[in-house]
Structures are given as C-alpha cells and as structure tokens.
Amino acid sequence: LYAKESITPFFDSLGKHSLRFTNAFSTGFRTDQGLGSLLSGIPSMEGLNILQKLDKVKQFPSLPATMKASGKSTSFVYGGDLNFANLSNYLVALGFDTIIGQHDFEKNDISSDWGVPDHIVAQKAFDVINQHKTPFFTTWLLLSSHAPFDVPMPNKYTASTDNAGKYKSSVAYSDYALSLFFK
C-alpha cells in the first residue's frame, strides 16, 4: 500500500481487514534470529544463535508455551530441514504439539535448495490446522524468500536476473501461496 509497486497484493488486502503494523523491523538478519525474537521474545545478539542455547531459551516465556497454558493446541509448519540451526530442538523446547518439516512431505515435493515450495506447504499448513482442536496457535515458516530465491512458477518478476528482482519474484510467489492458504 505504501510502496511504489504492489508486490504482495493478497497480503496487502489482508491489511484492510486486520490489525496491521507498518513500521516494524526485524531484530536480526537471519531466519533463526527472527524466530527467536518472534517466538521467545529474545532479541538477536551478534555472534549468538539463541536456538542453540536451549538452557537459556527455557528460562524465558514463549508464545507456544503461553498459548498451550491457555488451552490452545500448537503447531509449527515448515517445508525445510528442521536440523538447520538447531530448529527442531528449539521447537521441542518451546513445547509445540505438532512440528512439521520437510521429512513430512513426499520426496518429490522437495524441489528447491531449501526444501518444499511454499504453495505445497500452504496445503500442509491448512491440513494441520484443520486437525487442531480450537482454539489453536500455528506458526508457518515460508522458504522462497531465502536466497537463491527459487520459485516453481513464473510471475511478473521471474525474468529478473538481479537480486532485487529475484527477491521480488520470491515474495510475489509467497503472496500467491498465502492466497491459496486463505482460499
């Protein structure tokens, strides 16, 4: 809505019907840093992967633990390798009821450098959520916006060869996957 071009039209449309933060920034530059911040409230610190420090993580409250304490079932859905950056152990330490990774998909679904494409993971996230009792808390981690920005289907940015264009293509693809999930 504020950019010169709309790369994420579906995501932008959600902002018209929900609470929206337009001036938020990441606490780090890596996915593991962002997850530690989002799920555990621990800001990123240079040279420290909080996902590797489970003894520290367990000392802090977390969204999954808080949600479980209030009676919600919890799940984490990801199309990548749960061994990356100690992610699996971190998610278990947080107490997620259901943890989905690339090992939960068919081998032929794993078609990018990072794992399973977002549109396929969208269906898995939908299936997992439909199995939850209500209310529930789910985290879905997308992959396509990670370098090398692989996308399995063309969009108006896929012809770009520069990093900015490839990134736009990956984000536009994630927007498409998000729209499938909501439909």
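Student: What volume does the largest pocket have?

Tutor: Keep in mind that this is a predicted model. In it, the largest pocket has a volume of about 1900 Å³.

Student: OK, and which residues are the closest to its centre?

Tutor: Those are Phe11, Leu38, Trp140, Leu142 and Leu178, out of 43 residues that line the largest pocket.

Student: Which helix gives the most to that lining?

Tutor: That's α7, with seven residues in the lining of the largest pocket. At least two residues each come from α1 (9-14), α2 (31-40), β3 (136-141) and α7 (163-182).

Student: How does the lining divide into nonpolar, polar and charged?

Tutor: For the largest pocket you get 24 nonpolar residues, 16 polar and three charged.

Student: And how much space lies in the second largest pocket?

Tutor: About 180 Å³. The second largest pocket is lined by 14 residues, and the closest to its centre are Thr31, Asp32, Phe84, Trp114 and His146.

Student: Which element gives the most there?

Tutor: α2 does, with three residues in the lining of the second largest pocket. By class, that lining has ten nonpolar, two polar and two charged residues.

Student: Switching to helices. At what angle do α6 and α7 pack?

Tutor: α6 (residues 118-131) and α7 pack at about 30 degrees, and their axes are 8 Å apart. Angles under 35 degrees count as roughly parallel, so α6 is roughly parallel to α7.

Student: Is the crossing left-handed or right-handed?

Tutor: Right-handed, as α6 passes α7.

Student: Which residues meet there?

Tutor: On the α6 side, Asp118, His119, Ala122, Ala125, Phe126 and Ile129; on the α7 side, Tyr173, Ser174, Tyr176, Ala177, Leu180 and Phe181. The contact of α6 with α7 has nine nonpolar residues, two polar and one charged.

Note on methods:
Residues numbered from 1 in each chain as written. Predicted model: local features only at pLDDT ≥ 70, side-chain atom pairs only at ≥ 80, totals over all residues. Heavy atoms only, no water. 1 Å grid on protein atoms, 1.4 Å probe; cavity = no way out; pocket = protein on both sides within 12 Å on 5 of 7 lines; lining within 4 Å. Points joined across faces, edges and corners; volume = space filled by probe spheres on them. Helix = DSSP H or I, 4+ residues; strand = E, 2+ residues; numbered from the N terminus. Nonpolar A, V, L, I, M, F, W, Y, C, P; charged D, E, K, R; others polar. Axes fitted to C-alpha atoms, helices over the stretch in contact; angles between N-to-C directions. Parallel < 35°, antiparallel > 145°, perpendicular 65-115°, else oblique. Left-handed = near helix turned anticlockwise from the far one by under 90°. Contact = heavy atoms within 4.5 Å.
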